[in-house]
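Dear colleague,

I am handing over the structure that we talked about, and below it you will find what came out of looking through it. Please read the notes with the structure open beside them.

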Amino acid sequence: RPGRGGGGPRTTFRLDRDETSNGTGLLLQNLVNFFTLDIPSFSVESAGAKTPSLTADTDRSARRRRMQSSITRLDPPPRFRDVAEDDLFGPPPSSSPFPADLPPGCDPETLRREYAALNVDQRAAVLRVASAEDFALVQGLPGTGKSATVSFAARLLVSRGKRVLLSSYTHSAVDNLMCKLLDGGMRGTPTGGASPPLSPVVRIGRESSCHPRVRPVIAENLAVELERGAVGPSSSSDRAVDRPSVDRLLRVVSSARIVGVSALAAPRSPLLAGQRFDVVIVDEAGQISQPAVLGA
């Protein structure tokens, strides 16, 4: 543009943050983690020694290696158990680490009534998800009820003693599922006898990125309420507790039966370090690449 004082033209530069390279680095790290999980970390003491993998003999590692082969070689094919419809609504197995009292919206009778109201294709998809041992794909045109089916399947899995991680490429897709879970009755009442009670549904993410209806179940907000309940009801205490302790945050996340987080935030969040999930549900999977979904 013309310079000031009638001078010649000047070039103006604008410096932007390179979001693409940051995302690319995360995708590459996801791939590295996926292919090297069984390789023990290097240390000076172990140099030259054949150190066995810490995860080589675990069931979790065997499942991961099977999934790795299925993704990279398309072999072996996914496995499915024989599950009858009546078996979907029984009590959770005794081996479940969660208390026998189920969260609101996850009791068998409520789920049985809602299942009967689904159409034939939706019931078939739910049955397929419940019987999957490796993975299942649910495909449908826009407006055919995929999100409603997925949210119902998540509640059904919780009723069967499973812990579920909900993820998607966009925050809006994650929040859409979280809103459906809240509409299905999974509101903050259930586990552990805490005051205030711990929520069965937790959203991990910044408040500015989340839907207003989901903000009450953001992990940090729940932990703040838990902290205030432990400190006491005085107004001075409320002002003092604006950031929760790490222990409260971990307690909130660890007690949740369903955790929602975007696929790119999942590998970055320290709140998910060491957390175990039985099932990962990825909504709008057609919009996400495999390296991105590996982070979840």
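Helix H5 is mostly covered, since twelve of its 14 residues are buried (buried means under 20% relative accessible area, exposed over 50%, and partly exposed in between, with a 1.4 Å probe and protein chains only). This is a predicted model, in which local features need pLDDT of at least 70 and side-chain atom pairs count only at pLDDT 80 or more, while totals for chains, interfaces and linings use all residues. Residues are numbered from 1 along each chain as its sequence is written, and side-chain values use heavy atoms, with hydrogens and water left out.

Helices (H or I, at least four residues) and strands (E, at least two) are DSSP runs, numbered from the N terminus. The 14 residues of H5 (residues 146-159) should span 20 Å at 1.5 Å a residue, and the end C-alpha atoms are 20 Å apart, which agrees; the expected span is 1.5 Å times one less than the number of residues. Among the buried residues of H5 are Phe152, Arg155 and Leu156, and what covers the buried residues includes helix H3 (108-117), helix H6 (171-183) and strand E1 (164-168). Just after H5, Gly161 takes a positive phi of about 85°.

Ser69 lies in helix H2 (residues 59-73) and is buried, with a relative accessible area of 15%. The side chain of Ser69 reaches the backbone oxygen of Asp75 at 2.5 Å, a polar contact being a pair of N or O atoms within 3.5 Å, where within protein one must be able to donate a hydrogen and the other to accept it, and residues adjacent in sequence count only if both atoms are side-chain atoms.

Leu28, by contrast, is found in helix H1 (residues 19-36) and is exposed, with a relative accessible area of 51%.

Best wishes

Notes
Contact = heavy atoms within 4.5 Å.
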